[in-house]
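The following note sets out some points for a colleague who is about to examine this model. Please read them alongside the coordinates.

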Amino acid sequence: MQRLSIIMPEIIIDRTLTFIEGTQRVLDEKSTLEKIKDILKKIGVTRVASITDLDRVGIPVISTIRPSAAEGAISVYSGKGNTEDQARISAIMESFERCLAERNGMNKDVNEDIRSQHIIDNFGTLMENYHVVEPASLLITENYSPHALIEWISGWDLLKNKEIFIPANAVYHPYDAPGRALKLFRSNTNGLAAGNTIEEAIFHGLLEVIERDALSIAEFNRNPGKEIILTENDGENYELLRKFTDNEIYVKLWAVPHDTEITTVVAVTDDVRLKDAALLVMGAGAHLNPQIAIRRALTEAAQSRVVQIHGAREDTEREKFVREIGYDRIKRMNRYWYENGEQIPLKDLKDLSENTPAESIDTVLEQLRSIADCVAIVDLSRESIPVPVVRVVIPAFEMYTLDRERVGIRAKSGKKKKLAPQDRPWRTGRRK
C-alpha cells in the first residue's frame, strides 16, 4: 500500500488551564450551565427535567430526552450530583457525548463530520505504514482475518505522542460497518466524555475507562477489594451515605483492586425496606482524589435507583429479568458485594489529585505507562458545537461490566470465585 498523505490534528494539552480552587473543574457550575443551555436544541434535546422525587433518597437526578437519537441508541439520559446544578450538568454533558458519538449520516442533528481521517483497509496492510491498534486487543469475541476489511479512524496516542489508527467500531456509537467492512463487536459508550475544554473531556474519559476496567475485573473474579468505612469526619460523603441509611437502604462501599494507584470505588445498595430485586443496584466512580471517587459512586448509586424506578414503569428488560429471578437469589448471586471485607478508612486511600487538567492527565498517563501499550484519543468535537467530546480507547482494558462476551487476559488472570450451582441465573428450573 502506498502511504497516504494524512494529516491528523495533534492533540495538544493546554498547560495554562487551572482548576477553580477547591474543585476539579475549569469553570464553575453556573458558568458551565450558561455556556451550554442555549445549544441544547442543536443536539436535539427537547426536555431537561428532575426525576429526583421518584425515589425517597433525595440525591439529585436529572433526565434529558433526545428523541432524534440514531437507531440503535437510547434517547433518554440521566445525570447525578450533590446538587441539582451538578446533576443537570451531568445529564446535559451525556447528551452531548451521545449526540457527537453518532457518525455523520446517522446523526439527525449535526451534519458536520469529525476532523479525523477515515480509511477502509485490512489490518495487515495498514500496519505496514501506520501506528495501528490491533483489533484483537479490543477483546473481540470471534477470530478475524488480518485481510478482512475494517473501517479505521485516525486518533492520537497520548503515550507515544503520535498518530494512531483505531477501528471505527470502537469509536462511534451506535456503529454499523459501511460497505464490505467488518463489524467487530457491539459498540458501547465506554470512554466517551465531554467537558468545558478538551482537557476536561480527556481526563474524564481516561477515568471512565479505568473505572470500567477495575469494575470488570472485580465482577469477573467476584473480588470487591477492601471495604471503605466512612465516619462523621468524612463530611460531605458521610452526609451522602446518611441519605441512604436514613431511608433503610443498606450501602457497602468498596475500593476495588487495580494495577494503578487510581482509586475506583463501588457503592452497592440494598433496599431492606422494599426488598425489590430491581433496586439491588450499584454506582461506581474513579478519580485521582478518593473523596471524589466516593462521591461519584454514591451519587451514581442514587441515579441507578431512580433510573430503575423510572424504567420499571416502562417495563424494561432488566426489570423483567430480575423480578423473574427474585430478590433473594439476585442477592445470593452477588453476595461477594454484600459480605464483610477487610476495612479501610478514607484517609488511607492515596490522593493523587493535581491542580490543573494537564497535570491530572500526566498523572493518569504515568499510572498507565507500565500496563498499557497505547492510550488513544479520538476528537469527536464539531465546530458548530462548543462542547468538546472525545472517545478514549485503551486496548486490552476490560469491559465485562458492559459486555459479558468481551473478556481479556486482565480479567482472566485473576483468581475467580465461582457461583454455587443453585445461584446461577440460567438454572431457573430442572430439566425434564
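1. A search of the whole structure finds two cavities of 30 Å³ or more. On a 1 Å grid over the protein atoms alone, a cavity is a set of points where a 1.4 Å probe fits but cannot get out, and lining residues have an atom within 4 Å of a point. Grid points are joined across faces, edges and corners, and a volume is the space filled by probe spheres set on the points. The model is predicted: local features need pLDDT of at least 70 and side-chain atom pairs pLDDT 80 or more, while totals for chains, interfaces and linings use all residues. Numbering starts from 1 along each chain as its sequence is written, and side-chain values use heavy atoms, without hydrogens or water.

2. The largest cavity has a volume of about 170 Å³. It is lined by 20 residues, with Ala-170, Asn-190, Val-393, Met-399 and Arg-406 closest to its centre. The lining comprises 12 nonpolar, five polar and three charged residues; Ala, Val, Leu, Ile, Met, Phe, Trp, Tyr, Cys and Pro count as nonpolar, Asp, Glu, Lys and Arg as charged, and the others, Gly among them, as polar. Strand β14 supplies the largest share of this lining, three residues.

3. Strand β14 (residues 389–393) is largely enclosed by the rest of the structure, because five of its five residues are buried, that is, under 20% relative accessible area (1.4 Å probe, protein chains only). Val-389, Arg-391 and Val-393 cover one side, and Val-390 and Val-392 the other. Strands here are DSSP runs (E, at least two residues) and helices likewise (H or I, at least four), numbered from the N terminus.

4. Strand β14 has antiparallel partners in β7 (residues 192–194), over three bridges, and in β13 (residues 376–379), over four bridges. Strands pair if DSSP finds at least two bridges between them. Ala-193 is bridged to Val-390, and Ile-377 to Val-392.

5. A separate point concerns an open antiparallel sheet of three strands, in the order β1-β2-β3. Its edge strands are β1 (47–50) and β3 (76–80), each pairing on one side only. Five bridges link β2 (residues 61–65) with β3, and Thr-64 stands opposite Tyr-77. Helix α2 (residues 84–100) packs on this sheet and touches β1, β2 and β3, contact meaning heavy atoms within 4.5 Å.

Key. Buried < 20%, exposed > 50% of the residue type's maximum accessible area, 1.4 Å probe, protein only. 1 Å grid on protein atoms, 1.4 Å probe; cavity = no way out; pocket = protein on both sides within 12 Å on 5 of 7 lines; lining within 4 Å. Axes fitted to C-alpha atoms, helices over the stretch in contact; angles between N-to-C directions.
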